[in-house]
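Student: Please take me through one part of this model closely, and then show me how other parts are arranged, with the cut-offs spelled out.

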Amino acid sequence: MTQRSLFDDTDTNALTAVRIHPDFSSWQQRARQLLMDEVPPQRVLWQPDNTQKRATASSSVTAIRVPKSFLTQASAASCYRSDDRWALLYQLLWRLTHGEKHLMQLAGDRHVIQLRNYAKAVSRDVHKMKAFVRFRAVDIADGDQRYIAWFEPDHYIVEYAAGFFQRRFANMCWSILTPDCCAHWEGSGEVWFSEGADKASAPADDAVEDTWRCYYRSIFNPARVKIQAMMAEMPQKYWKNLPESRLIPELIRDADKRVAIMASDAKSSERLHCGPRPAAPAQVLNEAIQQSESGSIQQLALAAHNCRNCSLWQPATQTVFGEGPVPARIMLIGEQPGDNEDLAGKPFVGPAGELLNRALAAAGLRRQELYITNTVKHFKFRAKGRRRLHEPPQEEEINACAPWLAAEIEQVQPSIIICLGVTAAQAQLGTYVRVTRDRGKLFALQGRHYLVTVHPAYLLRRGESPQEFQRFVADLQVAAGQLNSLDIR
Ligand code: SF4
């Protein structure tokens, strides 16, 4: 598509060529300047040019007030793969600031429609990138690993989508290579970008590949195969970069046979009460762990990222896996991630996490020396208006997630497990445990000590009284004391 398709009244004799680095900030800066100079859209010829410098924040240009809906859509549409996007954005900006301030409410306006279509296409592309980027581990110097993925987006979305991967894979060093632009994260600082790469620069396979395939096979539910929906959600063009894609033809071919086997199994099993489940996710995981190298908690986290073993993954933003040193002497287990954790992709980072940090410090424990995780790895909530209200996980969700927690314990090998709240306590010790009755007590089980206490969110709900806080600290001190006595022995 060319510039002229948008404007019928282009006067080619009086065009002003505007060369910009093709990113939203650079366009914003030049567009503001053009507006101040009262240059109408039909006089501007936008020329995206990668050799131009990116715009930096400038205080010399006056801010312009536009509706938030325009800014949000314009920011997405600026990634659309067509050079006419810059002219479209300026046309809309001009109209918004020249007597049509309610323009965005005109759903039938051709420029508004085009903006919406561009923004939607970009948003779909970002969604696919989040779903289908697959990292492969590559050994680098000093025994470290870097995770590298290859992806071919339809639009220029790498910078736009990079924040998502920075949050989700904050603990890893990674690169996402694409033909247009590559994003890189070193585990801290800022994501940085480089020019596009060839597919040959990215690894095609790695040791985790079998884990993906094992896992995908285990969660594939032949009774729910809807080929059309599956093809729509996972278009074939992405298959070549997905380790699990090689299994799809075989799994679809055998689906009827597997459903028949499951149906006959169901007749003889009264315990099958929540639909067909993966045969033995724990066994699949154990095999995968045995195949992987020691210290591979990151590989587990990577596999859990695509877990579909219960329905909680659907409304949640992301899997929130555990965090901390491996091995660790103490492991803390909560219930499930909350709203803040779901967005950040890290456990205990919200108000409850802040309270926990203070209590740990008061008990003489250093958070950075503990491994912290949850019984269930996805946020379960009920939407109320724009708020997401916590909902406790059900038994089947706790059971579905149990293999992940068991795998973490296997890797972390803690001497003491602190169960924060009833969900963690009963998942580890059984339903006879009562938090109000048993808090602050140590239980010895299979060569490991367990301590039960309240969840920090419980203290927040009760207004965080100083007495309750001190009780919580006293519970944690029991674990600290036990650790000291284990060290002395
Ligand atoms: S809650 Fe656990 S079992 Fe359910 S989808 Fe998330 S990681 Fe998988």
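**From a hairpin to helix packing**

Tutor: Strands β10 (residues 381-384) and β11 (residues 387-390) pair in the antiparallel sense over four bridges. Helices (H or I, at least four residues) and strands (E, at least two) are DSSP runs, numbered from the N terminus, and two strands pair if DSSP finds at least two bridges between them. You are looking at a predicted model, where local features need pLDDT of at least 70 and side-chain atom pairs count only at pLDDT 80 or more, while totals for chains, interfaces and linings use all residues. Residues are numbered from 1 along each chain as its sequence is written, and side-chain values use heavy atoms, leaving out hydrogens and water.

Back at the hairpin, two residues lie between β10 and β11, and Gly385 in the turn has a positive phi of about 60°. Across the pair, Lys384 stands opposite Arg387 in β11.

Now for the sheet. Strands of a sheet pair through backbone hydrogen bonds, either parallel or antiparallel. Here an open sheet of five strands has the order β3-β4-β5-β6-β7, with mixed pairing. The edge positions belong to β3 (136-139) and β7 (192-195), each with a single partner strand, so one side of each has no neighbour in the sheet. From one strand to the next, the twist averages 25°. β6 (residues 181-185) pairs with β7 in the antiparallel sense over four bridges, and Cys181 stands opposite Glu195 in β7. Helix α5 (residues 158-168) lies across β5 (174-177), β6 and β7, running at about 25° to β6. Axes are lines fitted to C-alpha atoms, for helices over the stretch in contact, and angles run from 0 to 180 degrees between N-to-C directions.

The axes of α1 (residues 24-36) and α3 (residues 85-96) come within 11 Å and cross at roughly 45°. Those two helices are therefore oblique to each other; angles under 35 degrees count as roughly parallel, over 145 as roughly antiparallel, 65 to 115 as roughly perpendicular and the rest as oblique. Their crossing is right-handed, meaning that the near helix is turned clockwise from the far one by less than a right angle, with anticlockwise giving left-handed. The contact (heavy atoms within 4.5 Å) is made by Phe24, Trp27, Ala31, Leu34 and Leu35 of α1 and by Trp86, Leu89, Tyr90, Leu93 and Trp94 of α3. By class, it has ten nonpolar, no polar and no charged residues; Ala, Val, Leu, Ile, Met, Phe, Trp, Tyr, Cys and Pro count as nonpolar, Asp, Glu, Lys and Arg as charged, and the others, Gly among them, as polar.

α2 (residues 68-77) and α4 (residues 110-132) pack at about 60°, their axes 8 Å apart. α2 and α4 are therefore oblique too, and their crossing is left-handed. Phe70, Gln73, Ala74, Ala76 and Ala77 of α2 meet Leu115, Arg116, Tyr118, Ala119 and Val122 of α4. The residues of this contact divide into eight nonpolar, one polar and one charged.

Finally, a residue from α1: Ser26 sits in that helix. With 4% relative accessibility, Ser26 counts as buried; buried means under 20% relative accessible area, exposed over 50%, partly exposed in between (1.4 Å probe, protein chains only). Apart from neighbours within four places in sequence, Ser26 is in contact with Ile20, His21, Lys53, Arg54 and Ala55.
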